[in-house]
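Hi everyone, thanks for coming.

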Amino acid sequence: LGTTDQVINSLEQLVSDNPTQLAHIKTIRELKAQKLKRVNDSIKLRKAGGFAAALQVVLNRDGKVIMDRMRDIAEQMGGEENRLLLLRNHTADESTRTTLGVIAGGGFVSLLIILGALIILNRAESERIRAGRKLESQNRIRAGLIELNEKMAGDQSLTSLAKSIIEKVAEFVNAKVGAIYLTHDTGLLKL
């Protein structure tokens, strides 16, 4: 009997969040009390009135009706718990699908953000390289003009000045050959 009470108490704790199941536990306790009363009554009759009187109590089948009722309630409780388990599993499955969808969607959005950032960085780097090359080219031209100006400075003959200019310009543009033509007052060209 102590074990039966322990099992019922454990069940009560397990279903404490479900009023329907708690009502079933209450009914099982009442039926258990009725069954124990019938057993005790049978024992008293046996002692007082003999075997025939106790047998009449057993044969009227009230004890079986009580036990069948307890089994029915236990089956209902099991069915309710299975229904709740299926419902919880369904809810958990939906939550899992939602979570996976959010993770996949978040991953896709993250990928798009990273891709967008890479495109922006690539454009910025290309612009920086282009601006650097342009600045480098402008600096080279300035340096070349300064060197050319230095070569042209001072008192030089026309031939020496032309030679200095052609050498500097050829060096600047990486030319192998260069020439300057001068015109005389007569209109003739001179190399």
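The lining of the second largest pocket draws at least two residues from each of α1 (2-14), α2 (19-49) and α4 (62-152). This is a predicted model, where local features need pLDDT of at least 70, side-chain atom pairs count only at pLDDT 80 or more, and totals for chains, interfaces and linings use all residues. Residues are numbered from 1 along each chain as its sequence is written, and side-chain values use heavy atoms, with hydrogens and water left out.

Helices (H or I, at least four residues) and strands (E, at least two) are DSSP runs, numbered from the N terminus. A pocket, on a 1 Å grid over the protein atoms alone, is an open set of points where a 1.4 Å probe fits, with protein on both sides within 12 Å along at least five of seven lines; lining residues have an atom within 4 Å of a point.

So which helix gives the most to this lining? That is α1, with 5 residues. The pocket's volume is about 200 Å³, meaning the space filled by probe spheres set on the points, which are joined across faces, edges and corners. Among the lining residues are Thr 4, Ile 8, Gln 21, Ile 28, Met 70, Met 77 and Glu 81.

Now look at the largest nonpolar core: Ile 8, Val 15, Ile 25, Ile 28, Leu 31, Ile 66, Met 70, Ile 73 and Met 77, 9 residues in all. Such a core is a set of buried Ala, Val, Leu, Ile, Met, Phe, Trp, Tyr and Cys residues joined through side-chain atoms within 4.5 Å. Two or more of its residues come from α2 and from α4, and α4 has the largest share, 4 residues.

Contact here means heavy atoms within 4.5 Å. Leaving aside residues up to four places away in sequence, Ile 8 touches Ile 25, Ile 28, Arg 29 and Lys 32.

With the sequence neighbours up to four places away set aside, His 24 touches Ile 73, Gln 76 and Met 77.

Last, confidence: pLDDT is the predictor's confidence in each residue, from 0 to 100. The chain's mean is 88, with 96% of residues at 70 or more.

Notes:
Buried means under 20% relative accessible area, exposed over 50%, partly exposed in between (1.4 Å probe, protein chains only).
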